[in-house]
Structure formats: structure tokens, C-alpha cells
Amino acid sequence: MPEQITQNMPSYLDSENPGPWGIFLEQVDRVAPYLGELSQWSDTLKYPERSLIVDVPVRLDDGTIAHFEGYRVQHSLNRGPGKGGVRFHQDVTLSEVMALSAWMSVKTAVVGLPFGGAKGGIRIDPRKYSAGEIERVTRRYTHEISAIIGVNKDIPGPDVNTNAQTMAWMMDTYSMCAGATQPGIVTGKPIPLGGSLGRVEATGRGVFIVGVAAAKDAGIDLTGARISIQGFGNVGGTAARLFNEIGSKVVAVQDHTGTLYNPNGLDVEALLAHVKATGGVGGAANATAIAADEFWAVETDILIPAALEGQITKRNADKIRARIIVEGANGPTTPEADDILNSRGVIVVPDVLANAGGVTVSYFEWVQNASSFYWSVEEINQRLETIMLNAYSCMSSTAAEHNVSLRTAAFITACTRILEARQLRGLYP
Ligand code: NAD
């Protein structure tokens, strides 16, 4: 049992601007009172187990050499190997990667996967570089972080601006150095390299599964129920298709090209085809284009933010006329907006559970790689549904027991699981 915990302000914390890591620290403080005797360990969540900063030097196509800063943070390895994506973005910082890795610890714990939390990133604007340059950046970064990743140590996956091709290069680089093909070193791989069936649509399917469960609890009949979706990409598009298939009406959608409204329900299949052909929903037929701000005021039963973080704020939380919000995106609701929505009785199914379908099928990919035995898509979707529904019902009963929001309940469950493991393992030496 720790008698004393170091309270020195770590170098990466700026008291003026807390940033994403500061937000995570506040979330830990908020949940600590609900952790019983485990709260004595809660400060361990505030210290990522390992944070690695690497230099990624590459020769550019014009013959010059450029340097990029890369990161891999393993927030918690108490419950199993680290798990989390790799982001390529010019604004990536150590603080952001630390927070994202911590939220991965929460996400894997809330759905009960035997993983910890990790995340990686490179400070690079990938749009400014050729495919060859991005491949060299990816391979050098993989080599630099290979000291701490491993099939049973830490398993990266795709995130913002990385995809199945990036994972193929990471797998190949790691395997070349290991002297043997190691498919389980990353997830989100192309199917011919050991990727899993069902992975591409897993996050949207998970959003749909918990959306259906939340609607049932709220007494909403989904036949003819209204659905609004911000973001019509992988997550939003899949959720739209699945709700449409059970007879709900997608009445409003918004993406970076426009906002569409049709109170009788948009033609989802036609809209998916339009997005595929043109890159966005803007200009699609059989819908009225409305102003971007009006999207939030559309009367709806379920609102699914599935685009960017920080979309529901104190500016628009009052206008929202949805009964349930299912967070497909990561961090779409600011803490102030969360408080406003709670006080107005809007049910918010939090991101750490609602969009955990992706990491769940990534776990299935890793299991299939380890056994070299591959499952049918029906089996994958069935197992995904079981895990998502178990996690949803655990979160709901924790919320009822403590009279707290679903988000706080999800954090209570996750932090309890992480800290139970921490306590059982004890401190070494
Ligand atoms: P995507 O790139 O396929 O789609 C993103 C969508 O957001 C697009 O429709 C785009 O037009 C829209 N968008 C971008 N800028 C916008 C703006 N300013 N206003 C309105 N819409 C805008 O991405 P995705 O994989 O569907 O991811 C969506 C969200 O879900 C992200 O927050 C991501 O972190 C989160 N998420 C994704 C996964 C996954 O497995 N794909 C897993 C967990 C969380």
C-alpha cells in the first residue's frame, strides 16, 4: 500500500493550459470518490508507465533529410499489453498522445478486453509528403519504437491519417527485424495480411448496438425513430446504414461538405453512394440543405456525433433536441456541455463505450493472428454484440447504483478494473 505519492508537477503539465492530459487528470479526480479503497491507487493513473519520444529522420524525394518527432506512450499495462492507434498529424504533442493513451486504458477496461492502453503519433502533415516519403517515415518510426512494442507488449493500430496500408508497412518492418512474419504486432491490417473480417464496420456497428440498447431503456420504438448523424464516414455511414435497415429514419446528416435535412428520412443507400462518388454529402438529392448550426437544433430521437472532437459545447448544448446522444467520435462533448445535457435529462452514451467496437474487433484480429485460425463475419459480429451489450448493462447498473451519468459510470467501472489489477500486482520492487 503506498504511504506517500510523489506530488511534483510533471514537466509536461502547464497550469495555464491543461490540454487533453489536464482534462484526463480532472476526470481521474472526479471519479476517485467512487473507487472506495482503490482510490488510494488512483494517482497511478496520472503517471503513464512509459513515454517514448523518438527522432524520425528520413530522406525526402528531393534528396534532403527531414526530421519528425514521434511518440509512443504506454499509459497502463496492468491488465495486459498496450493497445492503441498511431496518429499522423502536424499538431500531435506528447500531452495529446498521453491523454489518448489513457483513454485507451479506460476504453479497453470498460469493455473488459485483456489490454492496457497505449497510443502513438508523429508530428507530420501527411498531405505534404509523397506515398514513398510516408512509407519511409512509417518504417523508421516503427523501427524506433520497436524497443517497446511487441505482440505481447504493445500492439499499435490505425488512427487519424493512418490506415491498413500503414499497418502493412509497420508489420513488414517489425517482421523484417524479427526475422519472422509477426501479423499480431499491429491490428487494422489488410485482410490478406491477417486483418479481421468485420473490422472496417466494427465501430459503427458498436455505435448501433449500444444505441439500440439505450433506446430500449428510454422506451423509444426504433421503427420510424429519428436519427441525426454528424460525420458520414466510416463510423457515421455504417451506423446510418444499420439504423436504416431496422426501419429508423435518418432525418439529418452533416459532414465537411454540407448539412442535409429531410423529416421523412433521407435515402441512406443513395446518400452512401453519393458520398462514395463525390467525397461528401453536399449536393445529394431528395434533401434540403440547411445551415451548419441548424443541425444541432433538429428534433430527433438519437443524435450520433461521428466526426470530430469538441463539437458539442456550451454554445450548442442548450439547443440540442435529442433524447439520446451516442458518441461515435472520440471526445465530441466538452465537460461543460456534458453538465448542461445531464441537467436537461439528455442521455449521453459516452465515447469510451459507444465507439469501443473498433478496438473490440481489433482484439479479435489479434486473437485470430495468435491462433492462425480465422472466424466468419457472423461469428465476429455475434461476439461483438455480446461484449458491447455486457459492457452497456454493467455501465447502466453502475450509473443507477451511484446515481451518476453514464460517462461517470463508465469511468468508475474502467478505473476499478485497472486499479484492482494494479493493487493485485503490487509494486515492484
Ligand atoms: P472518417 O474519416 O471515415 O469520417 C469522418 C467524417 O467526419 C467525414 O464524413 C467527414 O466529412 C466528417 N467531418 C470532418 N470534418 C467535419 C466538420 N468540420 N464538420 C462536420 N463533419 C466533418 O472517420 P471515422 O473513422 O468515421 O471516424 C469518425 C470519428 O470516430 C473520429 O472522431 C474517430 O476518432 C472516431 N473513431 C473511429 C474509430 C474507427 O474505427 N474508425 C474508432 C473509434 C473512434
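A backbone N or O atom of Asn234 lies 2.9 Å from an oxygen atom of the ligand, a polar contact in the sense of a pair of N or O atoms within 3.5 Å. The protein covers 70% of the 840 Å² of accessible area that the ligand has on its own, with areas taken from the Shrake-Rupley method and a 1.4 Å probe. The model is predicted: local features need pLDDT of at least 70 and side-chain atom pairs count only at pLDDT 80 or more, while totals for chains, interfaces and linings use all residues. Residues are numbered from 1 along each chain as its sequence is written, and side-chain values use heavy atoms, without hydrogens and water.

**Ligand surroundings**

- The ligand is surrounded by 17 residues, each with a heavy atom within 4 Å of it.
- Thr203, Phe232, Asn234, Val235 and His256 are the closest of these residues.
- A polar backbone atom of Phe232 is 2.8 Å from an oxygen atom of the ligand, and a polar side-chain atom of Arg199 lies 3.4 Å from a ligand oxygen atom.
- The shell comprises six nonpolar, nine polar and two charged residues; Ala, Val, Leu, Ile, Met, Phe, Trp, Tyr, Cys and Pro count as nonpolar, Asp, Glu, Lys and Arg as charged, and the others, Gly among them, as polar.

**Helix H11**

- Helix H11 has 26 residues (377-402) and reaches 38 Å from its first C-alpha to its last, close to the expected 38 Å, which is 1.5 Å times one less than the number of residues.
- Among the buried residues of H11 are Ile380, Leu384, Met388 and Tyr392; buried means under 20% relative accessible area, exposed over 50%, and partly exposed in between (1.4 Å probe, protein chains only).
- The buried residues of H11 pack against several elements, including helix H2 (94-110), helix H5 (202-217) and helix H12 (406-425).
- Asn403, which follows H11, has a positive phi near 55°.

**Asn78**

- Asn78 is in the loop between strand E2 (65-76) and strand E3 (82-89), and it counts as buried because its relative accessibility is 11%.
- Its side chain makes polar contacts with the side chains of Ser76 (3.2 Å) and Arg422 (3.4 Å).

**Backbone geometry**

- Most residues other than glycine have a negative phi, and most peptide bonds are trans.
- Asn161 has a positive phi near 65°, and Ser372 has a positive phi near 50°.
- The peptide bond from Tyr428 to Pro429 is cis, with omega near 0°.

Terms used. Polar contact = N/O pair within 3.5 Å; in protein donor to acceptor, adjacent residues only side chain to side chain. Helix = DSSP H or I, 4+ residues; strand = E, 2+ residues; numbered from the N terminus. Contact = heavy atoms within 4.5 Å.
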